[in-house]
Every structure is written in structure tokens, then in C-alpha cells.
Amino acid sequence: MSDMDPLTRELEQQLRNLNAPALWLVDENLQPGGRANPNINVIGNRFDVIAQLKENGWKAEFSDFVLHMLPDAGFNSIVYRISKEKAVVHHIIREAQRLLKPEGELILLGDKGEGIRTYARKAETCLGGSRHETKLGGTCWMAGIRREGPGGDCPDTQDYTELRPACRDEHFEYWSKPGLFGWNKIDQGSAFLIEQLADMLETPLPLAGSVLDLGCGFGYLALNASGPDTRLVCTDNNAAALRACAHNLQRAALDASVLASDAGDRIQQSFETILCNPPFHSGFSVDGDLTDRFLMAAQRMLKPTGTACFVVNQHIPLERKASGRFADITLWRDNGKFKLVRLRKPI
């Protein structure tokens, strides 16, 4: 355990000692590990994390932190390694006011730069209780906030649970919600890919045949590339993304399968076209091999005569990483910020 960072070490310590009933809320910050504790229910919004926890014996559920079905005053403890996005943290603090028993405790873990101490103060007000904080090392902190009395003002959740019109262009109004990276804007890289897509594929839009949107987000690529003759599959690792994508496709009357997977790992069919804007977002915790996993998925699922079209940040060495996986690799365009890479002939 000595090789763990202070937050992971403290989290595992807390999870070993909690008594039933307890709730553990997890997202992209987690590196799953440790022995399952049967006293703890787990809910998380990352498909890969929940799948791994289930394999390790945890009682785990994949959802967009949908907590309304849990009983009022049903838990002695709630443990949460805070998320990157403020609205997610605020949502969980507000829900903790309802879910904790009297004298129950919300245990928050995080880095000072992520706002852990500010969140702890907000939770203290919301729960109407007392707060104790422990410095774990470096800039890492743990805060325990006990629920006492009816509680007070809770932080603004931005209506976390609700889909809403978030952005639009001349073609579509895109519905989205907090909890999804870039939830209220059109990604510039995705727009660049759609602008060039017909030329890259040497065929007009909308596309016919089988199409996979790998890492679909709220569905921008799928919506703009697809039509009535498209056999469309969209997949993502994030529960909020899957919900928003399915809603947008339904609004556009596009027939599609929207599936949870980790870089396409649960999808067995092959496709004539694969579209991908991988989640290489600044400030998000990602595996060092994420590029390779998306390329490996494209190699596995692309038909021999198909085309995979990627858009990535300029600094991602996608062409080099694709060598050995594809016989035909073309840097299609580079606009100084994003580059488009066309991949054909999977090896």
C-alpha cells in the first residue's frame, strides 16, 4: 500500500472500516482495488470502473449518480472522492442531506486544488452539522461532515439530473447536462471532423451502411453524419453521455443502438465507418495507454474495406501509434489545434 497516493490509501482504509449501511460514490478518479466490503453499496458513472468493481465482488451499479430511489435517512456513511466537475459534487452533497441518517457522516476526499476544503464547508452548511478535516499529505485532504439537525442551504446543483438544450448550430439543438465533459458546447475538434468528413470518406453525408461513433459524448458526430440509411451504433464510458446521446438521436428520429462500453470493449460487430474524437481533455485523469486502446478498438472493429476517421489534439502522436495496426494512415488536415487522421486497411 506504500506505493499508493495519499487519497487512494485513505479511501481504502475508510472502505475497510465502514459499517452497514454505507454508500460509496465513484467516478473517473478511482483506480479500483481492494477487497470488497459487503456492507457497502457502490454507485458510479464510469462503466469501466463499475465493471471492474463488480468483477472484484462489490455490489456496484452503473448510473449517472441517480440516487432518488435510495431511501431517505438510509445510510450511516457516504464516501466520495470528489469529481472534477462542480455540479456533480454539489449534487452529491445535496443528496447526502437526504440520504444520511441523523449523526450519519459524509466523507469527502480530494486535493486542495480541486476545492475539497470549500466543498467541505458547503457540506457542513447543507447537512447542518459539524466538520473535521485531516491533511493526508501534500495537498490531499479528507473531510468528515456529520449530519445534525434538519440541515441548511445546499449548493446549487445546476439541475444536475435534468437534460436541457445546451447548444445549437444551423442543423440541430443539442441536449446535454452537467456530468459530461464539455456538456454545454460543440467540441471544435468534432466540428472540424464533420466539416471534412465527406471528403475524407469520398462519399456525401448522411452516410449509408454501418457506422460506429466511438466515444460518442452527447452524440454530435453521430447526429451530423447519420441519416435514415445509417446502421448506427454509439458507445461511451460515461453514463451522462449515453443518456444525452440517446435523447438527441431520438429527437432527430435516428434509429441507433447506444451502448455502454470501455473504448468499445463490449461491441463485437464490425463497421464500414468508425468516427472517433477520443477524450484527451486537459485536466481529466486518463490512462497513458488511452490512445492505444481506442486505436486497438478501431483496428478490431473496422471492416477490411472500411475507414476510421479520428480527430485528436495536435500533440497526440496518433499516426505513429497507428503504425502496425493500419496499413493506410493519412494525416488528412491539421488546423493548428486539431488534426484529422484517416485510417484504412486494418492489420
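The model is a predicted one, in which local features need pLDDT of at least 70 and side-chain atom pairs count only at pLDDT 80 or more, while totals for chains, interfaces and linings use all residues. Residues are numbered from 1 along each chain as its sequence is written, and side-chain values use heavy atoms, with hydrogens and water left out.

Begin by selecting residues 6-17, which form helix α1; helices here are DSSP runs of H or I with at least four residues, strands are runs of E with at least two, and both are numbered from the N terminus. Its twelve residues reach 17 Å from the first C-alpha to the last, close to the 16 Å expected at 1.5 Å a residue, where the expected span is 1.5 Å times one less than the number of residues. Colour Leu7, Thr8, Glu10, Leu11, Glu12, Gln14 and Leu15, which are the buried residues of α1; buried means under 20% relative accessible area, exposed means over 50%, and partly exposed lies in between, with a 1.4 Å probe and protein chains only. What covers these buried residues includes β1, β2 (40-44), β4, β5, β6 (131-137) and β7 (140-146), with contact meaning heavy atoms within 4.5 Å.

Move on to Pro21, in the loop between α1 and β1, where the peptide bond from Ala20 to Pro21 is cis, with omega near -10°.

How are α3 and α4 placed relative to each other? Their axes come within 9 Å and cross at roughly 30°, the axes being lines fitted to C-alpha atoms over the stretch in contact, with angles running from 0 to 180 degrees between N-to-C directions. The two helices are therefore roughly parallel to each other, a term that applies to angles under 35 degrees, whereas those over 145 count as roughly antiparallel, 65 to 115 as roughly perpendicular and the rest as oblique.

Show side chains for Lys86, Val89, His90, Ile93, Arg94, Ala96 and Gln97 in α3, which meet Tyr119, Lys122, Ala123, Cys126 and Leu127 in α4. By class, this contact has seven nonpolar, two polar and three charged residues, where Ala, Val, Leu, Ile, Met, Phe, Trp, Tyr, Cys and Pro count as nonpolar, Asp, Glu, Lys and Arg as charged, and the others, Gly among them, as polar.

**Lys177**

Now centre on Lys177, in the loop between β9 (173-176) and α5 (188-201). Lys177 is buried, with a relative accessible area of 0%. Leaving out residues up to four places away in sequence, Lys177 touches Asp64, Tyr160, Thr161, Glu162, Leu163, Arg164, Trp183, Ala240 and Arg243.

**From α5 into β10**

Follow the chain to the loop between α5 and β10, where Glu202 is found. Glu202 has a positive phi of about 55° although it is not a glycine, and it is exposed, with a relative accessible area of 63%. Pro206 lies in the loop between α5 and β10, and the peptide bond from Leu205 to Pro206 is cis, with omega near 0°. Most residues other than glycine have a negative phi, and most peptide bonds are trans.

Continue to Ser210, in strand β10 (residues 207-214), which counts as buried at 4% relative accessibility. Beyond residues up to four places away in sequence, Ser210 touches Arg231, Ser270, Phe271, Glu272, Thr273 and Lys303.

**Helix α8 and strand β16**

Then select residues 290-301, helix α8, whose twelve residues reach 17 Å from first C-alpha to last, close to the expected 16 Å. Nine of the twelve are buried, so α8 is largely enclosed by the rest of the structure. What covers the buried residues of α8 includes β10, β13 (271-276), β14 (302-313), α9 (318-322), β15 (326-334) and β16 (338-346).

Finish at Lys345, which lies in strand β16 and has a phi near 60°, a positive value in a residue other than glycine.
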